[in-house]
Every structure is written in structure tokens, then in C-alpha cells.
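Dear colleague,

Please find below the sequence and structure that I am handing over to you.

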Amino acid sequence: MNKLKKMTMEAGAATLMMLSVFSFGGATTVTAAKSDIGNQNTMAVAWYQTSAECKALYLQGYNVARQNLDQSLAQPSAQPRAIILDIDETVLDNSPYQAYNALHDEQFPNHWNAWVNAAEAKPVPGAKDFLNYANQNGVQIYYVSDRAANQLKATKKNLADQGLPQATDDHIMLKGKNDKTKESRRQAIEQNNNVIMFFGDSLTDFNDPQSASVKGRYNDVMKNANQFGSKYIILPCPMYGGWEGALYGNDYSISDAKKSQARKSHLTYFNPKNNKVENKTVTEP
Ligand SMILES: [Mg+2]
């Protein structure tokens, strides 16, 4: 076998490994192999759904919030007390949606509308008890979410079906046409209320970081270090979020291969070949 023919055969074999061949009733269809970018979420979803530690983090957040609320209730307040909560992964658990995509190597926004419209999400641990306690104590509860405006009806149904209080049109503020961030909705609430706490799984549930890069987001957290556990109640979401977008330069339109590469290139790792920690991508405090 000459060298060129051997190389051609090797290339052909490699190509075949990259392709899936399906045969239906005699007709053969060849499709390019899927990337594993959706499958890569499997561990994050497994941790979110099954780890007791994830549940404990939610309980910790809502327990701290209750202590803060009790402190506030002991003081006079000129304006009505209010709290502002994100919905997804802050009040409602969408991990069954994430799990389907992880199992089928798919990504958001595939099937998102179907999931929202099914209104089947359950509350995260601690949310229902805390929100009912806040409601009983006269606190105004605002759900500020970047779900689309046309998902209001299903969102309202989901919250109400789960016994979450104040799930009304006035208290659910979804993303409007002109809303780039949540800031204007926060300001509208703050005009007439004493907002005592913000709840979220993303920094943008609290404020707008000056820069949405990995470093900029980290700087934002350090700048607001004293707010966490007092005014800001942060909850866990390892499945997606602004942290992921930062890895891609906030450009989700890049290819799956580039996304996969960006995930890896941000890892700081110990190199056993030279006993050094290499590729330090996150600024130390
Ligand atoms: Mg969220």
C-alpha cells in the first residue's frame, strides 16, 4: 500500500468515527456527530438535583433571610417593606428541564417554552416557608424575572399552584421589550418600598456589574462583599448563568466546539509534570 493511499484510508476511518450512520427502511442517512456540549451539564445537574449540600445551601440562604427579616420587623419602616426575588433557580427549580437537555445533548432555549408552559416547576428548598412567613408579616413580594413577557400566565400559574404568595400580575415583573437588565424594574419597586433584601442565583439579580467578564464579575462581588448574607441572598446554580456567558465573552452564538474550548481554557490546574499550578485565570482577592 502506498503512503498516499494509506493516509487517505486513515482519514476516511477518522471521518467515519465522527459520523453517525442511520439506516431506515433501506435508506441510509449520514449526520455529523453531535458535540457533547449539552451532555457536559450532566454533573452540574446531578449535583443540583441529588446533593444534600445543594439543598442545604438553599436552606442556609432562606434561614439567613428569615433572621434578617425578623431584625427588620423589629425596626420601624416609613415605607412598606419589600423583597425582590429572581424566579428561576431562586424560587422555582427548573432542573428537570436542564436534565432533559443534558441527557439528550441539547441546550437552552430548546424546549424552554414547553417547560415553562407546563408550569410543573417545584419550589427550591426553604423558599415556600420563607415567602409565606414574609407574606404573613406584610412584606411586599416582587418576583423580578427575565422570563419573557408572554410567559406571565404560565409563570403565575406555576407559582400559585405551588402555594407561593403574591403571585399576581402586579407582583410578577417579567422582561419587557425595552428591558436590557433588571435595573429599571428594581428602581420602580424601590421608589415606593423599603426593599430589605434581594434574592438570586446570578449577580444580575442584585445589580449590574460594570463588566460581565470573569474578572469584572469577580470584582463586583468583592466590591459588594459585605452585602452577601445581609441585603443580597445568593443561591446556587451550577447549571448555567452569567458565569457561563463570561467564559464565552458573553457571545452564546459561538460554535459548540468553541464553547467547549472556552470552558477548558478557563480552568486553573495543577500540572504534575512540573508540580506547578498553571493558567491562573481568576484574580485572587
Ligand atoms: Mg435565576
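The notes below go from the whole protein to single elements and residues.

Please bear in mind that this is a predicted model. The protein contains eleven helices and eleven strands. Of its 285 residues, 25% are buried. Among contacts with a separation of 6 or more, 74% join residues 24 or more positions apart.

The largest nonpolar core has 41 residues, and those that touch the most other members are Ile-83, Val-91 and Tyr-143. Several elements give two or more residues to this core, among them helices H2 (42-50), H3 (52-73) and H6 (127-136), and strands S3 (81-85) and S6 (140-148). As a general point, nonpolar side chains in soluble globular proteins tend to be buried together. Leaving aside residues up to four places away in sequence, Val-91 touches Leu-85, Pro-123, Val-124, Ala-127, Tyr-143 and Leu-164.

Helix H3 deserves a separate look. With 22 residues, H3 reaches 31 Å from its first C-alpha to its last, close to the 32 Å expected at 1.5 Å a residue. Which residues of H3 are buried? They are Cys-54, Tyr-58, Gly-61, Tyr-62 and Ala-65. These residues lie on the same side of H3, because they cover an arc of only 85° around the axis. In general, an α-helix has 3.6 residues a turn, so residues three or four places apart point the same way. On the other side of H3, the exposed residues are Ala-52, Glu-53, Gln-67, Asp-70 and Gln-71. The cover over the buried residues of H3 includes H2, H6, S8 and S9.

Within helix H2 you will find Ala-44. Is Ala-44 exposed, partly exposed or buried? Ala-44 counts as partly exposed because it has 17 C-beta neighbours inside 10 Å, whereas a buried residue needs 20 or more. Although 193 residues separate Ala-44 from Cys-237 in sequence, the two are 8.4 Å apart in space, C-alpha to C-alpha. Ala-44 also touches Pro-238 and Met-239, when residues up to four places away in sequence are not counted.

Finally, please look at strands S6 and S7, which pair in the parallel sense over three bridges. One of the bridges joins Ala-148 to its partner Lys-175 in S7. Between these strands the chain passes through helix H7 (residues 152-161), and this β-α-β crossover from S6 to S7 is right-handed.

With kind regards

Notes
Residues are numbered from 1 along each chain as its sequence is written. This is a predicted model: local features need pLDDT of at least 70, side-chain atom pairs count only at pLDDT 80 or more; totals for chains, interfaces and linings use all residues. Helices (H or I, at least four residues) and strands (E, at least two) are DSSP runs, numbered from the N terminus. A residue is buried if 20 or more other C-beta atoms lie within 10 Å of its own, exposed if 12 or fewer, and partly exposed in between; C-beta atoms are placed from the backbone. Two residues are in contact if their C-beta atoms, placed from the backbone, lie within 7 Å. A nonpolar core is a set of buried Ala, Val, Leu, Ile, Met, Phe, Trp, Tyr and Cys residues joined through C-beta atoms within 7 Å. The expected span of a helix is 1.5 Å times one less than its number of residues. The arc is that of the directions from the helix axis to the C-beta atoms. Two strands pair if DSSP finds at least two bridges between them. A crossover is right-handed if, with the strands pointing away from the viewer, the path from the first strand over the helix to the second runs clockwise.
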